[in-house]
Amino acid sequence: MRTTLSVVAKTEITHALRERSSHLLVGIFSAMVVVSAAIGFQTHRTVTRIHESLVQHGLTVAANPFADVSPLYYARNSVIYVVMIGSLMAIVLGVESTLRDRRAGVVSLILSRPSAFTHVLRGKLMGIGLVLAAVLLLSMALSWTMLSAIVGSPLGLEETLRLGVFGMLSWVLLLGFAGVGMMFGTRSRHESTAYVAPFVAWSVIAFVLPQMGTAARPISLLNPVPTPAGGGSLASWLSYIVHPLSVTEQFKTVSGFLLQEPYVSGDVAGGVASVVVFALLMTVLSTRSRRKTITEELDA
Amino acid sequence: MRKSLVIARKELRDLSRDPVILALLGFLATASLLSLAVASNDMKIQIAEYNSYVSQLAMSGVTNPPPVVEFFPLQLMRGGVEYLEILGALFALLSGYGVIAKEKSRGTLDLILTRPLGAAAYASGKIIGLSVFWCVIVIALNLATVIELMVIGGAQLDALDVTKIALAAVFSWINLMIWATVGVAMTSYFGRPQTALVLSIALWLMIVLIIPQIGDTMDPDNQVPGGLFAALSIVKADELQVLAQFATYDTIRNGLEVSSVSKLFERITFALLGIKDKYNLQSIALIWADMWGYACALSSVLAVTISLSLSAHIRNTSPRRK
């Protein structure tokens, strides 16, 4: 079993390194994580200047709400890039890994070997997990360097640990989305459905579920600050049901806490539990497949 | 032209029978109508809370109540517009991908081109089919929205409201057609449909989500829940005076936003539906005076994407290339 896992994982890594579409998404993701620090810094500098101007004109005596923000505050947009680009990158890796074998018609050949297909799928997930870990490690290292350059000194131990834990939580979330991709890749009879269905699942998790519980606008859900539950009994009732399922909002809450976002509120332990349960569920489901479906010929 | 219409009719039939497209549209309609129901409920709660607050003030002897919470029914359509902007664009892209990918993967393209049918007529037939399909979808979605506004939202719409909704629907169609033709162009251009799909989705991600998101988070007023200037109790006139000193920053931010077709669509529809307070209850002439530039830009982008999809398809099917 160990041999199967490591051989399949190694093959998966090789494929991920060769595929240009994966390169593009990985490139966009890493670039945006780095750019987010620059955007955060520039925005913060402008807001501080605006506040100084308001004080000079005698329009306010209130203290600058962002006077003593943590350096990690500048990386707040990274949370959104993990939810948007990272999740789609993970889905594409998951779908591609399973469709590749089905497209090439080698599933029957693999099944003729003395190893369970479940082990092959676990190996694939392990390979994708390693690729995602490498991408996140690179992104967090770039982010750390960028933030250190902005503040003019290396980030302290606490900030570095917080950034590291944020990277780990991002990995858990992305592994869950890779599982969603693999699940549809093994179960869909049509190649187009295998790609389209997980994207729709992602859009339900990222936009529809949070809106039901918060009455928030879909676009406001792209803001790094998590949206609080809406008022009224219906909204509270809906929020009670859908909030634990709104994995991306839960991820935003925990990430906001880790990156010391000043306006974050919510249940951090519940948020971590929600993300972990989602990832566990998706990894289990992605490694279980009906032999009949996966050996069927794949339609366009 | 007659040959194009035959292809268009066939595409329409295929699209209306495609279970994936139908499921996606069902999902889009459900999400839009649900967002309207949630917004209506939220509005009713706000009005009830206001009435309760006013009655408490009256009981405690306060004679001047706070400003009335006003109900503007078209503003309830905001969630639906944003779903069309994000998910509608994605589904339109997938529909454009589907009409070309099916011919490529089934190998029927070569067979069709053995008939006396030019590549241009074939490609234009597909685009006409897509445009009629999305036109029907936009009309159906807007009709359902109007009915829901009246039944669940309790709105009374006048002729001006209906005209504004119809104009917003026209721009929704333009936006959706931009993405459908991007899907056609990308799938025609790339040999492997799956590569085209992943690259198209990366493009959608950049234009629909990332660029507007950067613009939004760079907005100084978006840094604090409820708005920075509101939190500091700064009136609008003072806010504008201070922001005038940061014109370069705002020009860059605004330039970034308007480089996204989604933001152009959003600004036009938000103005028409009065979601942007400045345009609420204003005449169409006044809104048009501010929005015609965005409308022209959006229409020009559609003209470009149609041209690209036609040329990519003709190039892809030319015997010399084969």
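Predicted model: local features only at pLDDT ≥ 70, side-chain atom pairs only at ≥ 80, totals over all residues.
Figure 1. You'll find Leu259(A) in the loop between helix 9 and helix 10 of chain A. Leaving aside residues up to four places away in sequence, Leu259(A) touches Leu72(A), Tyr73(A), Ala75(A), Arg76(A) and Val79(A), along with Arg162(A) and Phe166(A). Gly127(A) is another story: 132 residues separate Gly127(A) from Leu259(A) in sequence, and the two C-alpha atoms are 28 Å apart in space.

**Figure 2. Gln260(A) has a positive phi without being a glycine.** The angle is about 55 degrees. Most residues other than glycine have a negative phi. Gln260(A) sits in the loop between helix 9 (247-258) and helix 10 (268-286) of chain A. Buried or partly exposed, which is Gln260(A)? Partly exposed, with 17 other C-beta atoms within 10 Å.

**Figure 3. Leu281(B) is a non-glycine residue with a positive phi, here about 65 degrees.** Look for Leu281(B) in the loop of chain B that runs between helix 11 (261-272) and helix 12 (284-317). Leu281(B) counts 10 other C-beta atoms within 10 Å, which makes it exposed.

**Figure 4. Chain A has 11 helices and zero strands.** Read along the sequence, the pattern is simply α-α-α-α-α-α-α-α-α-α-α. Of the 300 residues in chain A, 52% are buried. Take the contacts in chain A with a separation of 6 or more: 81% of them involve residues 24 or more positions apart.

**Figure 5. Helix 5 (residues 119-151) and helix 6 (residues 159-189) of chain B pack at an angle of about 145 degrees.** Their axes are 9 Å apart, and the crossing is right-handed. On the helix 5 side of chain B, the residues that meet helix 6 include Ile127(B), Leu130(B), Trp134(B), Val138(B) and Asn142(B). Helix 6 of chain B answers with residues including Ile165(B), Trp173(B), Leu176(B), Met177(B) and Val184(B). Sorted by class, this helix 5 and helix 6 contact in chain B has 14 nonpolar, four polar and one charged residues.

**Figure 6. Helix 7 of chain B has a kink of about 35 degrees, centred on Met206(B).** How far does helix 7 of chain B reach from its first C-alpha to its last? Its 26 residues reach 36 Å, close to the 38 Å expected at 1.5 Å a residue. Helix 7 of chain B is largely enclosed by the rest of the structure, because 19 of its 26 residues are buried.

**Figure 7. Chain B meets chain A through a contact that takes 53 residues from chain B and 51 residues from chain A.** On the chain B side, the elements giving two or more residues are helix 2 (19-59), helix 3 (78-106), helix 7 (193-218), helix 8 (228-231) and helix 9 (236-243). Which of them gives the most? That's helix 7 of chain B, with 15 residues. By class, the side of chain B that touches chain A has 34 nonpolar, 12 polar and seven charged residues.

Definitions and conventions
Residues numbered from 1 in each chain as written. Chains lettered and ligands numbered in written order. Contact = placed C-beta atoms within 7 Å. Helix = DSSP H or I, 4+ residues; strand = E, 2+ residues; numbered from the N terminus. Nonpolar A, V, L, I, M, F, W, Y, C, P; charged D, E, K, R; others polar. Axes fitted to C-alpha atoms, helices over the stretch in contact; angles between N-to-C directions. Left-handed = near helix turned anticlockwise from the far one by under 90°. Buried ≥ 20, exposed ≤ 12 C-beta atoms within 10 Å, placed from the backbone. Expected span 1.5 Å × (residues − 1). Bend = angle between axes of the 7 residues up to and from the residue.
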